[in-house]
Amino acid sequence: MSSVGTGGGPGPGCPFCAPGSERVLWSDVRSRVLLAAEPGYPGFCRVVWGAHVREMTDLALEDRARLMEVVFAVEAALREVLSPYKVNLASLGNRVPHLHWHVIPRFEDDPHFPEAVWGTRVRQNKESNFENDGRLLEAIERQLRKE
Ligand SMILES: [Zn+2]
């Protein structure tokens, strides 16, 4: 992956620096959008900065702005394609301290609603009719062209 942007070299053992079987939905030289394989959460995306950077404030101002542009494009695309009840944006990185944002479409009948997806599961996974059929990528690209 590109190391364009602020930051040092790859983090030892970092899964975002040495990706295995990621499903990359979209990418440019600075960041990429992954479709997460989270059972019960169709459309769960992660926006990952290319370089091994720890915090938002480690990025140059224009890089911060670009990263959030991508996050917001993914949010808007998910709203368009999946019409979720709510979109959760989260940047934690406690386990993987390589800057990334979770963009999670939430539904009132999803496995953890109204808890955070990292909280207590309150119901079974529901059936999903969402398929990675290219609509999400098209919507992300359309949103980014609007910026
Ligand atoms: Zn990393």
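User: Which residue of strand 2 is the bridge partner of Val-24?
Analyst: Val-24 has Leu-34 as its bridge partner in strand 2. Helices (H or I, at least four residues) and strands (E, at least two) are DSSP runs, numbered from the N terminus. The model is predicted, and local features need pLDDT of at least 70, side-chain atom pairs count only at pLDDT 80 or more, while totals for chains, interfaces and linings use all residues. Residues are numbered from 1 along each chain as its sequence is written.

User: What makes strand 1 and strand 2 a pair?
Analyst: Three bridges join strand 1 to strand 2, and the two run antiparallel. Two strands pair if DSSP finds at least two bridges between them, so strand 1 and strand 2 qualify. A hairpin of three residues connects strand 1 to strand 2.

User: How do you know that strand 2 pairs with strand 3?
Analyst: Strand 2 (residues 31-35) and strand 3 (residues 45-49) are joined by five bridges and run antiparallel. Arg-32 has Val-48 as its bridge partner in strand 3, and Leu-35 stands opposite Cys-45 of strand 3.

User: In what order do the strands of the open sheet lie, and which are called edge strands?
Analyst: The open sheet has five strands in the order 1-2-3-5-4, with antiparallel pairing. Strand 1 (24-27) and strand 4 (86-90) are the edge strands, as each pairs on one side only. On average, neighbouring strands of this sheet are turned by 20° against each other, direction ignored. Helix 2 (residues 135-146) packs on the sheet, where it touches strand 1 and strand 2, and its direction makes about 15° with that of strand 1.

User: Why is helix 1 called oblique to helix 2?
Analyst: The axes of helix 1 (residues 61-82) and helix 2 come within 8 Å and cross at roughly 130°. Angles under 35 degrees count as roughly parallel, over 145 as roughly antiparallel, 65 to 115 as roughly perpendicular and the rest as oblique. The crossing falls in the rest, so helix 1 is oblique to helix 2. The crossing of helix 1 past helix 2 is right-handed.

User: Which residues make the contact between helix 1 and helix 2?
Analyst: Helix 1 supplies Glu-69, Ala-73, Val-74, Ala-76, Ala-77, Glu-80 and Val-81, while helix 2 supplies Arg-135, Leu-136, Ala-139, Ile-140, Gln-143 and Leu-144. Residues are in contact if their C-beta atoms, placed from the backbone, lie within 7 Å. Nine of the contact residues are nonpolar, one is polar and three are charged.

User: What is Ser-83 called on the scale of exposure, and why?
Analyst: Ser-83 is exposed, because 9 other C-beta atoms lie within 10 Å. Ser-83 is found in the loop between helix 1 and strand 4.

User: Which residues does the cis peptide bond join?
Analyst: The cis bond joins Phe-113 and Pro-114, with omega about 5°. Pro-114 is in the loop between strand 5 (100-106) and helix 2.

Terms used. Axes are lines fitted to C-alpha atoms, for helices over the stretch in contact, and angles run from 0 to 180 degrees between N-to-C directions. Two residues are in contact if their C-beta atoms, placed from the backbone, lie within 7 Å. A crossing is left-handed if the near helix is turned anticlockwise from the far one by less than a right angle, and right-handed if clockwise. Ala, Val, Leu, Ile, Met, Phe, Trp, Tyr, Cys and Pro count as nonpolar, Asp, Glu, Lys and Arg as charged, and the others, Gly among them, as polar. A residue is buried if 20 or more other C-beta atoms lie within 10 Å of its own, exposed if 12 or fewer, and partly exposed in between; C-beta atoms are placed from the backbone.
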